[in-house]
Amino acid sequence: MRIAEPEPCFLTPGHEISRQDSRLLRSWILAPERKIKSIVTSPPYFNRHVKYGNDINGNPIGDVFKNRDEYFEYLYSTFNNCYYNSTDDCVLWLNGPADHTMFEFAEDWISEQWTVQNRFFWCFSGTTPTPDGKEHSWGQFSPNTSKTKVHNCCEMIWQLHKTNKKPAALNKLVDGVPYCDESNLNRFTAKNNGKTKANIRSRGNLLCIPYETKQKREHPATFPVALAGRCMDMQTNLQSFDWVCDPYMGAGNAGVAAMQRGLNFVGMDLNLDYVTKATIKVEEQIAKNQANCRAELKRLGAIFGDSGC
């Protein structure tokens, strides 16, 4: 399975990465030009025994919530602040486990401010048959010693827009795939008022993006750069230097994806170690962007001469 990474050439976007509580986001953005247009995030799990280190006061981050209501209140405070610091056409991409807790939060608790537009299944590991009759396994399988439960191969991505606001159009052909049966192409062209249609279709709501093994991950529950990037690429209203936010930043993969696409990024986390790692990763991506720009300008200079640049 190939996940293509873009090779951009553009001016350097900005980033604001800090160690702070995501519920304080409202105090960060004041100027209208700094309004958030895309939120790509994965909140801490509830009752999953995942350790995220310690916060500013030295308290453990993670399974410290007494009950679901306390957990929901914590998340609600964050996304309430995101709501008031974002544009009317902002899109919230919310990653979480496919369990009743996250379903209730995404589809009920924040419904007064955020409305579900699409539900995606992120398949991070699996086994598929190959044309030669064999099987190919990919991604990270989480160990499960239960005699009654199978291990999870996927999580959810909820795409939400602001309640009572017009939902943003999506680029559904991002990383599209050809039809296996090309007769379908003619059938769907007929439904498209006879307009010529390329041999490409949407992947639908199944995002097959492998998880790196835990030995290679810098955070116990991060999501891949390619996953954050796919969400941004589907959002048609994002333009260069628009602001993307991850209020639960972790190791900063959403920030890397934003830098790859020429988008500004604001991220925060309570753990100083993750803030440091995220800052390094984002600045490394900025350096790659600048190197790509220099190489592209050199290539154009060779073609058109210095005056052509």
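The legends below describe close-up views of a predicted model. Local features need pLDDT of at least 70 and side-chain atom pairs count only at pLDDT 80 or more, while totals for chains, interfaces and linings use all residues. Residues are numbered from 1 along each chain as its sequence is written, and side-chain values use heavy atoms, with hydrogens and water left out.

View 1. Strand β2 covers residues 36-41, and six of the six are buried, so the strand is largely enclosed by the rest of the structure. Buried means under 20% relative accessible area, exposed over 50%, and partly exposed in between (1.4 Å probe, protein chains only). Helices (H or I, at least four residues) and strands (E, at least two) are DSSP runs, numbered from the N terminus. β2 runs parallel to β5 (residues 86-96), with five bridges between them; I39 has L92 of β5 as its bridge partner. Three bridges join β2 to β11 (residues 243-246), also in parallel, and here I36 is partnered by W243. Two strands pair if DSSP finds at least two bridges between them.

**View 2. Helix α1 and its packing.** Helix α1 (residues 68-84) has 17 residues and spans 24 Å from first to last C-alpha, close to the 24 Å expected at 1.5 Å a residue. The expected span is 1.5 Å times one less than the number of residues. Buried residues of α1 include Y71, F72, L75, F79 and Y83. The buried residues of this helix pack against β2, β5, α2 (100-109), β6 (114-123) and β9 (154-162).

**View 3. The start of α1.** A side-chain oxygen of N67 comes to within 3.2 Å of the backbone nitrogen of D69 at the start of α1.

**View 4. The largest nonpolar core.** This core has 35 residues, and W93, W122, M232 and F265 have the most contacts inside it. Elements giving two or more residues to the core are β5, β6, α4 (225-234), α5 (253-260) and α6 (272-304). α4 gives the most, with seven residues. Apart from this core lies another, of 29 residues, among them F46, Y74, L160 and Y248. A nonpolar core is a set of buried Ala, Val, Leu, Ile, Met, Phe, Trp, Tyr and Cys residues joined through side-chain atoms within 4.5 Å.

**View 5. Surroundings of W122.** Leaving aside neighbours within four places in sequence, W122 is in contact (heavy atoms within 4.5 Å) with residues including N95, C153, E155, I209, F223 and L227.

**View 6. Helix α4.** Nine of the 10 residues of α4 are buried, among them V225, L227, R230 and M232.

Notes
A polar contact is a pair of N or O atoms within 3.5 Å; within protein, one must be able to donate a hydrogen and the other to accept it, and residues adjacent in sequence count only if both atoms are side-chain atoms.
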